[in-house]
Structures are given as C-alpha cells and as structure tokens.
Amino acid sequence: MAAQHTWSIVETTAFDEVARDNPHPRLRDLRETCPVMRDEPVKTWFLTRYEDVRDTVNDRTLWRHWKNSEEGALLRRMDRDPDEPGTDSILSMDEPDHSRVRLPLAKAFYARINAMKPKIEAIIDEVIDSAPHGEPFDLIGEIAVPIPILVIAAILGVESERFREFREWSEASILGLNPLRTPEQTELMEWGSAQLTAYFTELMAARRAEPRDDLISDVVALQAAGAPLSDDEVRTNLTALLIGGNLTTTDLIGNGVWLLLRHPGELAKLKADPSLAAAAVEEILRYESPVAITNRVMSEDREVGGCPMHAHQSVITSLHAANRDPAVFEDPNSFDITRKHVPHVAFGGGSHMCIGAPLARIEAKQALARLFQRFPDLKLAGGEPVWRALPFFRGMEALIVQG
Ligand code: HEM
C-alpha cells in the first residue's frame, strides 16, 4: 500500500497556497484515510465524513463557545482574549443565552425578510443594471460586494444618506475575520466596529422615539414588549448580521457566477429554464461553499465516528469535505444544477444553523437570474481567479467578466 500522508488542518485552509487554490483534493484524502483526525499541535479534531459532520453540527448538547475549549485549541487562539470585555454574538453563545437572544431576533429578522422581499430584489436589480455593458469589469467589486451591504442596510433601516459611511464601517469591521490582519488593519477594524456601535446606538434611540418600517424598530419594540435582550446584545447581534452575511453572500454570488461560467452546459440549462435558479444556488452551496468549516466543543466524554473524544476538546467540522462525500452525493465532484436531492451542510445545523440562510438564498437566486438576463453573453475576461487568503472561507479577490 502507498504511504499515506495526513494533512494538518491548516494545510486544508487558505493559509496554505495549494489549498487556497483548491482545497478539495486534500479534504478527499483526509475523508478517505483519516476521517476523524486529531491534529495535536493545534489541539483540535477534524471531521470530514458527511455523517459525522451532520451529526455533530446537529447535536444541541455540544458547546459552541471557544472559551469552553482546552488551552491551545486552534479557534481559541484565533479569537479575542477571553478576558477582554465585550458581549458575545449568538455565533458563540451557549444555552440558555443562545436561545434567549436568537429566538426573538430570528422571528423579527424573518418577518422583515418576508415583508421586504420585493424591495430586496429591486436593490439587487439596480446594482446589476448599473454594471458596465460591453467592457470588462470586476464582478466581485461591482456586484457581489455591494449587494449584501445595501440589502442589509435596507433591512436594518440605515438612512440612505449614511449608506456610504455604513459600507465603509461594515467593510472595516469585517477585517475581524482575518487572523492575519496587519496592525493597521486591526486599527481600521476597531474604528469600523466603534462607528457601527455608535450608529446603532443612535438608530435605536431614534426608532424608540419614532418607529419606522425596519428591523431596528422591530427589535426595540420587542425589547419594549418584554423580550429579555440588553441593548449591548442587540447592537452586537445586529453587527453579527453584517459580519456573518456580507462576505459570505458576496462569495456565494462570486463562486456561483464563476462555476456557471466554467460549466457552460449547466449555464445553458439555467438560461433555458430560469426556474432552476433555486436549485443552482443549492448546488453552488454544496460544491463551492463560502464557509469551509464550523465548529463545536465537546461537552462530555463521548465517541464520535468511532474515536473517543473528551469534554472540552474542540471539533472542527469540514463542511466542504462533507458536501463532497460520495456516501451521500453521487459523483460528488461534478457540478450539476439538476441534482434531485442536495442535503448539503453549507449552513451548518442544529441550534446554530445559519440565521441568514433564507436571505442568502433570496439574494443569490435573484442575482443569478438578473445577471444572466441582463448579460446573456457574460463571459470570463481575466485569467485564473485569485482566491482570498482568508482561512475557513472560500471566495475570490476579483472576478473579471464581460457582458
Ligand atoms: C451565503 C451564504 C452563507 C453561508 C454559507 C453561511 C454559513 C454559515 C455557517 C456555516 C454558520 C455556522 C452554523 C453552525 O455552526 O451550525 C453560520 C452562522 C451564522 N450566520 Fe451565516 N452564512 C451565510 C449567510 C449569512 C447571512 C446572509 C447572514 C445574516 C444576514 C448570516 C448570519 C449568520 C449568523 C448571525 C450566524 C450565527 C448563528 C448562530 O450561531 O445561532 N449568514 N452561517
């Protein structure tokens, strides 16, 4: 038998140049040879089989907060100092706080998205319609970046005269996702977050005095009606909607357009039958998901995938590897927008399942439909894409196209 090489977790991420361009071959190796891997130097388990990943993310008895994980665990090292003051967002809250904050927030958010669907679609159409015709342009910068920022601004109730600043603050605070940021970028990030906090404080006061038709008014009304949410929790979680939603939706649109342009047969199917847009979005989420992993912390000693794990050990689940597991997806490395059943785990699962999934789906579906309607001859106009060096995410720096 050939000697087997086991990849470290870091070697499967965008930290590593080879995995940055294409993480899938290394993830396949791991799934085939070491599907439940202990990466001792970073004190973390790494799961690559669909069944193990799905069962782990769906398990509501596990912890989420990295502060429960052992010293030296990879994600614990990458996050802020546990002694630093600050409120956690739902992303890292455990029970009972997680449900206390997430349930009212999700209820208000989903009602807003439903009520605003036509407005959301109109914003997307407007962005796409203003992209240049007949000359090369960067799809990421011109279309995929502004769409989620303008949409979430409208949902929250940001005044149009503040859009430009809001975009600057949002982009600055997203630098927080990059553990390799420079000291200057950290400074910019801190500035962006402070500006957003101040602005949300101002908006919450304004909407308490005079409610409008927006999510901030809905949330302060919930507080007034007795929902147990502190002002800090509201601000932190409104910011989490920006941080969680912007880059990911940008990458869903960018990766989707790239995949369709690289698979003309699939694009032809979509053009012939635009009602396939929703199915195309699910296949993009399966095949090249914007978020590579999620994580949990063991809350007790337990066996996972046949391996003994201990309480406080950190577990990273590879959503990318799970989504290409041949045990679940036939011919998993082929991109096929007419797959019948696509139970991908791109949005994670269980109590932490992505709160923005319905919004991401609306945005990506509308963006693809409108883009190929307005630019029926859209083609790639640059060389190979440059993938972003941001670990645990998958998206392009730029995608030059021409329509
Ligand atoms: C485009 C695609 C998106 C992808 C692939 C994605 C992926 C994910 C994943 C994998 C998780 C962790 C789930 C888990 O651990 O089980 C998550 C959580 C979250 N996402 Fe998304 N997301 C996307 C879009 C959005 C949008 C549009 C928003 C908000 C507007 C958002 C906000 C959040 C928040 C707040 C959480 C934390 C939820 C919790 O822990 O309770 N995401 N997302």
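This report looks at one serine, the cysteines, a cavity and a pocket in a predicted model.

## Serine 217

Start with serine 217. Its place is in helix α10, which covers residues 215-224. Is serine 217 buried or exposed? Its relative accessible area is 5%. Serine 217 therefore counts as buried, since the cut-off for buried is under 20%.

Which residues does serine 217 touch, beyond its neighbours within four places in sequence? The contacts are Arg207, Pro211 and Arg212. The side chain of serine 217 reaches the backbone nitrogen of arginine 212 at 2.9 Å.

## Cysteines

How many disulfides does the model have? The count is 0. Take cysteine 307 as an example. Its nearest cysteine sulfur belongs to cysteine 34 and is 7.8 Å away. A disulfide needs the two sulfur atoms within 2.5 Å, so cysteine 307 is in no disulfide.

Cysteine 307 has a relative accessible area of 21%. Cysteine 354 has a value of 30%.

## The cavity

Next comes empty space inside the model. Rolling a probe the size of a water molecule over the atoms shows where such space is left. The count comes to 1 cavity of 30 Å³ or more. The largest cavity holds about 140 Å³ of space.

How many residues line the largest cavity? There are 18. Those nearest its centre are Thr12, Thr13, Ala14, Pro23 and Ala292. Sorted by class, the lining has 10 nonpolar, 5 polar and 3 charged residues.

## The second largest pocket

The second largest pocket holds about 450 Å³ of space. Its lining is made of 18 residues. Closest to the centre of this pocket are Glu171, Ile174, Leu175, Leu247 and Arg388.

Which element gives the largest share of this pocket's lining? Helix α11 does, with 3 residues. Two elements, α11 (231-262) and β10 (396-398), each supply at least two lining residues. By class, the lining of the second largest pocket has 11 nonpolar, 4 polar and 3 charged residues.

Notes:
Residues numbered from 1 in each chain as written. Predicted model: local features only at pLDDT ≥ 70, side-chain atom pairs only at ≥ 80, totals over all residues. Heavy atoms only, no water. Helix = DSSP H or I, 4+ residues; strand = E, 2+ residues; numbered from the N terminus. Buried < 20%, exposed > 50% of the residue type's maximum accessible area, 1.4 Å probe, protein only. Contact = heavy atoms within 4.5 Å. Polar contact = N/O pair within 3.5 Å; in protein donor to acceptor, adjacent residues only side chain to side chain. 1 Å grid on protein atoms, 1.4 Å probe; cavity = no way out; pocket = protein on both sides within 12 Å on 5 of 7 lines; lining within 4 Å. Points joined across faces, edges and corners; volume = space filled by probe spheres on them. Nonpolar A, V, L, I, M, F, W, Y, C, P; charged D, E, K, R; others polar.
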